[in-house]
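Me: I'm new to this one. Can you walk me through it, a bit at a time?
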Amino acid sequence: MSVLVVVECDGGEVKKSSLEVATYGSQVAQMLGTTATAVAVGEATEASLAQLGEQGISKVLYDAEPRLKDFVNGAYTKLIAAAAQQEDAKVLVLANSNIGAAVGSRLSVRLGASLATNVVELPQISGDQFVVKRGAFSGKALANVVLTGERKILAVKKNSIEAQHEAGKTAQVQSFSAQLTDADFADAPKQVVMQEQAGGVLLPEADKVVSGGRGMKGPENWHLIEELAKALGAATACSKPVSDVDWRPHHEHVGQTGITVSPNLYIACGISGAIQHLAGVNSSKVIVVINKDPEAPFFKAADYGIVGDVFDVLPKLTQAVKELS
Amino acid sequence: MKFLVCISNVPDTTTKITFTPDNKEFNKAGVQFVINPWDEYALTRAIELKEAAGSGTVTVLNVGEADTEPNIRKALAIGADDAIRVNAHPRDAFFVAQQIAHIAKEGGYDVILMGKESIDYNGFQVHGMVGELLGIPTVAPAMKLDMNGNTATLEREIEGGKEIVEVQTPFVASCQQPMCEPRIPNMRGIMTARTKPLKVVEPVGDAPRTAVAEYALPPKKEGVKLIPAESAGELIRLLRQEAKVI
Ligand SMILES: Cc1cc2nc3c(=O)[nH]c(=O)nc-3n(C[C@H](O)[C@H](O)[C@H](O)COP(=O)(O)OP(=O)(O)OC[C@H]3O[C@@H](n4cnc5c(N)ncnc54)[C@H](O)[C@@H]3O)c2cc1C
């Protein structure tokens, strides 16, 4: 019996959300008096996988098949199921990412497991009872869910647990083969197109986000958002109407019908704070709102606010961040 | 091409969320229910593809009790041909996935579409479960869907980019924007929807694998701390020293 953690890698490195998941899985293993093994997907270096020891992982299984570099639902599902079988995993932990949700839902049927996505806290385990807290109603509520299956799969929301780093500990990396055949790659992508990321920070993974709304008036003013984001090492985002009129690309739109983010810091500039926008950002740890309208609904959801003109306030903030370092 | 579009019945996006006094159920009193916004992308795209092909059918499927019928009729008014309601309270994603898989198999549907997730339970699970139950590919979440005979080309969102995926029918896809511009019913649609067939069937399958023990509201914010615009730089100091986020 063990805990199996699914680790997503990109460009050789383990993704930040997977470091969180590895920490989560190790802590669950501790609660159950067992160890946590990881299975890695995507492109990873041996050194980056060994470093998962810092998150409490004892062993990492890695299949170096080159076609696994990009996400392939069929092959990933088979690989992880084989690892779960080998390790006799009763609990599987993955990130609540597009990969985690796609594979987790297939695995739950294949392994006969209970599945909880959007998990925000460590489980409560007492005897046979296994309860997890998850976000519901687009961030407007939380639900305690009882997982009744003998096996459990948990998809953990980003930034809901802090990755631990126990310096010097290393995991043992073992090569692993799930005997994948061509048929397992039937849904392999024909092409993968990566988007340009402002400042190189990926929005769904970001720890800090600077976001602009219709109050920014036009795309020609976005340098103000980008400059602050760059100074902070943040990703950039926008409200829906902004992407609808193509001031910004669709993949930057956050909210109920866009991306859901939960960074430590969300700075909203010239965004009114409509309920559908809040649905995508309200689980951010600290929310800062800059709006010239003191009645803007976003101030009700904010921790810090400035009632003022974005064109005046943003350069001052960027300047202040630059003075910090 | 036979399309099966799964819709769920969810509280309107602007609903203030409350629960029954024991916190075990969502409090439906006075709440307006709508078709899950993500499902509208699936529905509209299926209708567009049927129209473009000049043949085929679009069936909507809902797992829900009789009170979901107004939204099923709305889907028919938007342009679906017929509807099936599985007469059951949708207890968890696995339970719902079993109903969908059963009907998809019995009806021999080629393309099964649904929204990326429901805005109430936010499961993001049903698509993969249905694909696995039927042993067919799932593409989730899809931002674009084109059909050429039995071959579909989809754009699937990945963190930081997209994958272009080609699959053969039958397949499952969960949809999100910018797939299409969701349609709203017109007068003629509303009139004809009344006479379109809506079949009610009983549920099948095994028991659910999860149960909600209790709901809660997130902890309340303490209230906003306002910083005068003239001294905006002070905000950065507070974010570092007080909030410790930079
Ligand atoms: C089903 C549905 C789903 C939706 N999904 C989403 C979603 O996913 N994401 C999303 O964002 N929206 C979504 N919306 C739209 C949402 O309801 C709002 O319309 C949208 O969020 C408003 O965007 P905004 O705040 O940028 O623009 P506005 O509402 O126009 O607000 C602009 C704000 O900027 C302020 N402002 C103007 N000039 C300045 C200035 N110089 N300095 C400072 N402040 C200024 C104004 O006071 C105002 O508060 C959805 C709507 C529906 C019906």
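Me: Let's start with B:Glu48. Which residue does B:Glu48 form a salt bridge with?
Reply: The partner is B:Arg45. The closest N and O atoms of that pair are 2.6 Å apart. Keep in mind that this is a predicted model.

Me: Where do B:Glu48 and B:Arg45 sit in chain B?
Reply: Both are in helix α1, residues 37–53 of chain B. They are three residues apart there, so about one helical turn separates them.

Me: Is B:Arg45 buried or exposed?
Reply: B:Arg45 counts as buried, because its relative accessibility is 13% and the cut-off for buried is under 20%. B:Glu48 has a relative accessible area of 21% and is partly exposed.

Me: And B:Lys50, what does B:Lys50 form a salt bridge with?
Reply: B:Lys50 pairs with B:Asp81. Their closest N and O atoms are 2.9 Å apart.

Me: Which parts of the chain does that pair link?
Reply: Distant ones. B:Lys50 is in helix α1 of chain B, while B:Asp81 is in the loop between α2 and β5 (82–86). The two are 31 residues apart. As for cover, B:Lys50 counts as buried at 17% relative accessibility. B:Asp81 is partly exposed, at 26% relative accessible area.

Me: What about B:Lys28, which residue is its salt-bridge partner?
Reply: B:Asp67, with the closest N and O atoms 3.3 Å apart. B:Lys28 lies in the loop between β2 (9–11) and β3 (33–35) of chain B, and B:Asp67 lies in the loop between β4 (57–63) and α2 (69–78), so the pair ties together parts that are 39 residues apart in sequence.

Me: How accessible are B:Lys28 and B:Asp67?
Reply: B:Lys28 is partly exposed, at 43% relative accessibility. B:Asp67 is partly exposed too, with a relative accessible area of 48%.

Me: Why do charged side chains pair at all?
Reply: Side chains of opposite charge can pair when their charged atoms come close.

Me: How many salt bridges are there over all chains?
Reply: The structure holds 29. In chain A, a network of salt bridges links A:Glu65, A:Arg67 and A:Asp182.

Me: Back up a bit. How many helices and strands are in chain B?
Reply: Six helices and 13 strands. Chain B has 246 residues, and 52% of them are buried. Its C-alpha trace spans about 65 × 45 × 40 Å along the principal axes.

Me: How many residues of α4 in chain B are buried?
Reply: Seven of nine, so that helix, residues 126–134, is mostly covered. The buried ones include B:Val126, B:His127 and B:Met129. B:Gly135 follows α4(B), and its phi is positive, near 65 degrees.

Me: Now the surface. Which residues make the nonpolar patch on chain B?
Reply: B:Met187, B:Ile190 and B:Met191. The patch covers about 300 Å². B:Met187 belongs to helix α5 of chain B, residues 187–193. It is exposed, with a relative accessible area of 58%.

Me: Switching to chain A. Where is A:Trp222?
Reply: In the loop between β12 (208–212) and α5 (223–232) of chain A. A:Trp222 counts as buried, at 1% relative accessibility. From A:Trp222 to A:Ala301 is 79 residues in sequence and 24 Å in space, C-alpha to C-alpha.

Me: And the ligand? How many residues surround the ligand?
Reply: There are 26. The closest are A:Lys217, A:Ser239, A:Ser272, A:Gln276 and A:His277. By type, the shell divides into six nonpolar, 14 polar and six charged residues.

Me: Which helices of chain A each supply at least two residues of that shell?
Reply: α6 (240–244), α7 (275–281) and α9 (310–324).

Me: What lies 2.8 Å from a nitrogen atom of the ligand?
Reply: A polar side-chain atom of A:Thr257. A backbone N or O atom of A:Val254 lies 2.9 Å from a ligand nitrogen atom. There is also A:His253, with a polar side-chain atom 3.0 Å from a ligand oxygen atom.

Me: How much of the ligand does the protein bury?
Reply: The protein buries 78% of the 990 Å² that the ligand exposes when taken alone.

How values were computed
Residues numbered from 1 in each chain as written. Chains lettered and ligands numbered in written order. Predicted model: local features only at pLDDT ≥ 70, side-chain atom pairs only at ≥ 80, totals over all residues. Heavy atoms only, no water. Near = heavy atom within 4 Å. Polar contact = N/O pair within 3.5 Å; in protein donor to acceptor, adjacent residues only side chain to side chain. Areas by Shrake-Rupley, 256 points an atom, 1.4 Å probe, with all protein chains shown as cover. Helix = DSSP H or I, 4+ residues; strand = E, 2+ residues; numbered from the N terminus. Nonpolar A, V, L, I, M, F, W, Y, C, P; charged D, E, K, R; others polar. Patch = residues over 30% accessible without salt bridge, like charges linked within 9 Å, V, L, I, M, F, W, Y side chains within 5 Å. Salt bridge = Lys/Arg side-chain N within 4 Å of Asp/Glu carboxyl O. Buried < 20%, exposed > 50% of the residue type's maximum accessible area, 1.4 Å probe, protein only.
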